[in-house]
Amino acid sequence: MKTLIPFLKRYNKDIFFASLGVIIVAFATLWQPHLLQDMISAIISSDRSNVVNLGMQLIALAIIGIIAGVFNTYFAAKVAQGVAADMREATYRKIQSFSLSNIEELSSANLVVRMTNDINQVQLIVMNFLQQIMRVPILFVGAFILAVMTLPQLWWMIIVMMIAIILVCAFSFSKMGKYFGKIQTYIENNNRLARENLMGMRVVKSFVQEDSQFKTFSKSSDDMTGLTIVIGNLFSILIPSFFLIGNLAVAASIFLIGDIINTNPAMLASINAFTQYLMQILFAIITAGLMMTTSSRAFVSLKRLQEIFETKPGLQFPDVAPEKLSGSVEFDHVSFTYPGDDEPTIKDVSFSAKPGEQVGIVGATGSGKSTLAQLIPRLYDPQEGTVKVGGKNIKDVNQKSLQGTISFVLQRSTLFSGTIAENLRQGNENATLEDMKWAANIAQASEFIEKLDGKYDAKVEERSANFSGGQKQRLSITRGVISHPEILILDDSTSALDAQSEKRVQEGLDRDLNGTTTFIISEKISSIIHANKIIVLDHGQIVGIGTHDDLVKNNNYYQEIYNTQIAKEDK
Ligand SMILES: Nc1ncnc2c1ncn2[C@@H]1O[C@H](COP(=O)(O)OP(=O)(O)OP(=O)(O)O)[C@@H](O)[C@H]1O
């Protein structure tokens, strides 16, 4: 509830109107059997004018009930949908503030279910509550009092019926609550499997994994269906049981006092009103039970959303004035361990790069090259040592200043669905067509973009499926350079380019971005051979640093990699 209240507060007025509507509906429902009782009595005593009068009152009451019901539904829906939309936005905003570690800990599939299914549950419960919360107690207490007033001698019948219904409710709803929690986990699992399958469809097809993928998914889906069937079965027993209890109570009432009708025909009207009140009590208890069950499901969802709101962003940027940073980078005895790992991935790394320098980072796969690079734009914080950009500890720098200084072209090119221009503007929101052409020229992307229908307005489909690996990389590099960054990190960003294109990208960077400090990460020495400085990494440690010529002469580890690669090229 702690999570929900701030969201509800924004809709105080609408909640008031929804509640007013439901209170009117409850009183109209309660008053109907009473009016009907008077009307039946008037019919029995042939009081025609009263019959017409009471008939009109009944119709008026029904119309008031309908109008109030519509009024209630309108405002309840407004609140429920508004709360869900606000929650979705708040969750989305919160997730944007998360660090990569936060997202890895919560898992993206899990976050998607929380943002969709869990919020839907909350929307449902807000709607239900606003439609029922006042109605249930008013109906229950009102119908109880009116039933006792109508036939005081049968007060015990109401108690017996209530006890029977509460016992059935307690049995079935307690079982259902447990199952509802499990269903949420199954939904999460199904979403994860479906997402992985669709994203890895190429792998699935090339390894002919369709059947095994289908089996895994269908097992998870069948488990969920099994559970849904159990819940359905419980419901299918529940509803007839309620009506059986209600009808037995009605039959028993008629049996017990039906004889009186012979001597006092007006009793017929009272029995009719009494049985209607019994049904209203029955309805109130069932609704309360159902609400408790659905609430237990919504409370699970609220708790899961609460977890998102309470998660502290793994990284906090200081609230300081923005500043212009130069392109110098300095690592001072930096060590970093991924959350949950025992061993550090980066161990006691120190180096510096001057503005405008080109720095190559080379090392075997898994040696920590990408991890090292991710510490520069502060995607992770090192546990030991300091990272400085422009001479300032990056922990003391405003987020926008740091991110505006650095452009990171990731190893795996990620483009968003939209147009090429929209993707490029993520690198520089004010980029003109001229800027795009300039950047595309460096990245060797102009040639293929110019051939596309719509050129820079050409569509990028979901997961950029309409572009080849090499084209995606070129577009990612274009997006990376378009802001003329002070620091550019190319994390294995030319791996899908042929040697000729890679050379041209290199020439473009030298020509047009010569003031930019550029980090080029690669396993291939040919990609970093011309760098001013090459950092050689092995198991997260620097094992060599210098120019290619220095390293080839003096560094055994580098020589080994170089010789292996030369030998491969010669074959
Ligand atoms: N998000 C992560 N959480 C936990 N461990 C990670 C994470 N990312 C990478 N690692 C681990 O850190 C080590 C270094 O990975 P990293 O990607 O930095 O190496 P790399 O040298 O860039 O490799 P490659 O050349 O294959 O890209 C690896 O053992 C990897 O499994």
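Modeller: A residue counts as near a molecule or strand if its C-beta atom, placed from the backbone, lies within 6 Å of it. This is a predicted model: local features need pLDDT of at least 70, side-chain atom pairs count only at pLDDT 80 or more, and totals for chains, interfaces and linings use all residues. Residues are numbered from 1 along each chain as its sequence is written.

Colleague: Which residues come nearest to the ligand?

Modeller: Tyr338, Thr365, Lys369, Ser370 and Thr371 do, out of 14 residues around the ligand.

Colleague: Which helix gives the most to that shell?

Modeller: Helices (H or I, at least four residues) and strands (E, at least two) are DSSP runs, numbered from the N terminus. Here helix α12, residues 369–374, gives the most, with 3 residues.

Colleague: How many charged residues are in the shell?

Modeller: Classes first: Ala, Val, Leu, Ile, Met, Phe, Trp, Tyr, Cys and Pro are nonpolar, Asp, Glu, Lys and Arg charged, and the others, Gly among them, polar. The ligand shell has 4 charged, 9 polar and 1 nonpolar residues.

Colleague: Where does UniProt list "transmembrane region"?

Modeller: The unreviewed UniProt entry lists residues 15–34, 54–77, 124–148, 154–173, 227–257 and 277–300. Such positions use the numbering here, feature names are shortened, and annotations may be inferred rather than shown by experiment. In the model, residues 54–77 are 100% helix and 0% strand, with end C-alpha atoms 34 Å apart. Residues 227–257 are also 100% helix and 0% strand, and their end C-alpha atoms lie 46 Å apart.

Colleague: At what angle do α2 and α6 cross?

Modeller: Axes are lines fitted to C-alpha atoms, for helices over the stretch in contact, and angles run from 0 to 180 degrees between N-to-C directions. Helix α2 (residues 12–44) and helix α6 (residues 135–150) cross at roughly 20 degrees, and their axes come within 9 Å. Under 35 degrees counts as roughly parallel, over 145 as roughly antiparallel, 65 to 115 as roughly perpendicular, the rest as oblique. So α2 and α6 are roughly parallel. The contact (C-beta atoms, placed from the backbone, within 7 Å) includes Val22, Ala26 and Leu30 of α2 and Ile138, Gly142 and Leu146 of α6. By class, this contact has 9 nonpolar, 3 polar and 1 charged residues.

Colleague: Is the crossing of α2 and α11 left-handed or right-handed?

Modeller: A crossing is left-handed if the near helix is turned anticlockwise from the far one by less than a right angle, and right-handed if clockwise. α2 passes α11 in a right-handed crossing. The contact includes Pro33, Gln37 and Ile40 of α2 and Asn272, Gln276 and Gln280 of α11. It has 8 nonpolar, 8 polar and no charged residues. The axes of α2 and α11 (residues 267–310) come within 8 Å and cross at roughly 165 degrees. The two are therefore roughly antiparallel.

Colleague: How do α9 and α11 pack?

Modeller: Helix α9 (residues 210–257) and α11 pack at about 160 degrees, axes 10 Å apart. That makes α9 roughly antiparallel to α11. Contact residues include Phe242, Gly246 and Val250 of α9 and Phe274, Leu278 and Leu282 of α11. By class, that contact has 12 nonpolar, 3 polar and no charged residues.

Key:
Contact = placed C-beta atoms within 7 Å.
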